[in-house]
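Please look over the structure below before reading on. My notes follow it as numbered points.

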Amino acid sequence: MNAKTNESPLKKVCIICAKGNLEDVYASLVMANGAVMEGMEAKLFFTFFGLDAITKKGNRMNKLHTATVGNPALRLPNGWRVPTWVGSIPGMEAMTSSMMKKGMDKLDIPPVDEFLEMITAGGGEIYACKLAMDMFKLKKEDLSEHVEGVLTVGQFYELAGGENTQIIFT
Amino acid sequence: METKNIAGNSVSFTEDGYMSDMNEWNEDIAKELAKEENIELGDLHWKLLNFLREKHAAGVSLTIRSVGKSSIVDIKGFYGLFPGGPLKLATKIAGLPKPASCV
C-alpha cells in the first residue's frame, strides 16, 4: 500500500515496442528495467520494426539510429533546430546517433545488449512477436539469447493477466 | 523527518524511510534496517554496502549497472542479495538517500 495515496502498488507491466529507432527502443528498455528495479514483474514484447532491438543477426540490436529526417524536436548541442534538409545530409544520422549513444553512456545507460542482460538478470522477460518474425523472415536463432520466446498476440495477453497489471505501448 | 531509536542510536529518517544523515550510520543500525526488510547481512552484503557508501561519498550517482561493474557481484547476484528492488533496499540499509537515478 502506498502510504501517501492509499493506492495498492503496480505489480506487473507489459511493454510493447513496435518501433526500431533508438529513442523508442530505449523508452521501452528504461521502463522495463525501471519496473524490475522496483521489484515489479516486467514483460517486454518486441514487434514489427522493434524486432531490430533484439536481433543479433548483423548486430542490428547495437546499431539502432535516431531519425534526423522528420524529427522536429531534433536539436544540435547548442540548441539550434535541425531542419529536415540538413538531417538528410549523408552521415548526419550516424553522427547524431553516435552522439546520443555517447551521451547515454555518460548517464550509465548501457548499450542495448547489455540493457537486455540487466533486465533479464533482474527477472524481466523479453519476447518477440511471431507475426512480425514471419513477416521479416527472422528465425529464433537470429535473436538475442536474452529472448525468452516467440509469442502470438494471444499468448502475450495470457502473460498480461493478474490484478494491478498495465500494458504500455511505447 | 522522523527520529527513531535503532540499536541504541537516535537516527533520523526522511519521509521515504531513508536515513537523512549517512554519518549517523553504523553496522548495528544496518543490521536492524536489514532485519526490517527480512534480509540477513552476509559478507557480500557488507562489501556492497561499503561500496555504495564510498561511491556516494565520492559524489557518484548510484546505478545498478555500476554495482554490476564493481566486481563484487554481477547484476543477477545483486538482485539475489536484495530481492525486490536491490538498489532501493541496498541504499536504504547503507544509510544513503533514496537513489534518484532511473537506471
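The points below take up a helix, an interface and some salt bridges.

1. The model is predicted, and the points below should be read with that in mind.

2. Helix α1 of chain A covers residues 22-37, which makes 16 residues. From first C-alpha to last, α1(A) reaches 22 Å, close to the 22 Å expected at 1.5 Å a residue. Its buried residues include A:Leu22, A:Tyr26, A:Leu29, A:Asn33 and A:Met37. Just after the helix, A:Gly39 has a positive phi of about 85°.

3. Apart from neighbours within four places in sequence, A:Asn33 is in contact with A:Phe115, A:Met118 and A:Ile119 in chain A, and with B:Tyr79 and B:Val103 in chain B.

4. Between chains A and B, 18 residues of chain A are in contact with 18 residues of chain B. The two chains bury about 1400 Å² between them, with 56% of that on carbon and sulfur atoms. In chain A, the residues that lose the most area to chain B are A:Met37, A:Asp108 and A:Met118, together 44% of what that side buries.

5. Polar links also cross this interface: the rule finds four salt bridges, and five residue pairs are in polar contact. On the side of chain A that touches chain B, the elements giving two or more residues are α1 and α4 (112-121). The residues of that side divide into ten nonpolar, three polar and five charged.

6. One salt bridge joins A:Glu38 to B:Lys88, with the closest N and O atoms 3.0 Å apart. This pair crosses between chains, from the loop between α1 and β2 (41-46) of chain A to helix α5 (residues 86-93) of chain B. A:Glu38 is partly exposed, at a relative accessible area of 42%, and B:Lys88 is partly exposed at 24%.

7. B:Arg65 forms a salt bridge with A:Asp105, the closest N and O atoms being 3.4 Å apart. A:Asp105 and B:Arg65 are also linked with A:Asp108 and A:Glu114 in a network of salt bridges.

8. Within chain A, A:Lys43 and A:Glu125 form a salt bridge, with the closest N and O atoms 2.9 Å apart. A:Lys43 lies in strand β2 and A:Glu125 in strand β3 (residues 125-129), 82 residues apart, and the pair links distant parts of the chain. A:Lys43 is buried, with a relative accessible area of 7%, whereas A:Glu125 counts as partly exposed at 21%.

Note on methods
Residues numbered from 1 in each chain as written. Chains lettered and ligands numbered in written order. Predicted model: local features only at pLDDT ≥ 70, side-chain atom pairs only at ≥ 80, totals over all residues. Heavy atoms only, no water. Helix = DSSP H or I, 4+ residues; strand = E, 2+ residues; numbered from the N terminus. Expected span 1.5 Å × (residues − 1). Buried < 20%, exposed > 50% of the residue type's maximum accessible area, 1.4 Å probe, protein only. Contact = heavy atoms within 4.5 Å. Buried area = accessible area lost by both parts, 1.4 Å probe. Salt bridge = Lys/Arg side-chain N within 4 Å of Asp/Glu carboxyl O. Polar contact = N/O pair within 3.5 Å; in protein donor to acceptor, adjacent residues only side chain to side chain. Nonpolar A, V, L, I, M, F, W, Y, C, P; charged D, E, K, R; others polar.
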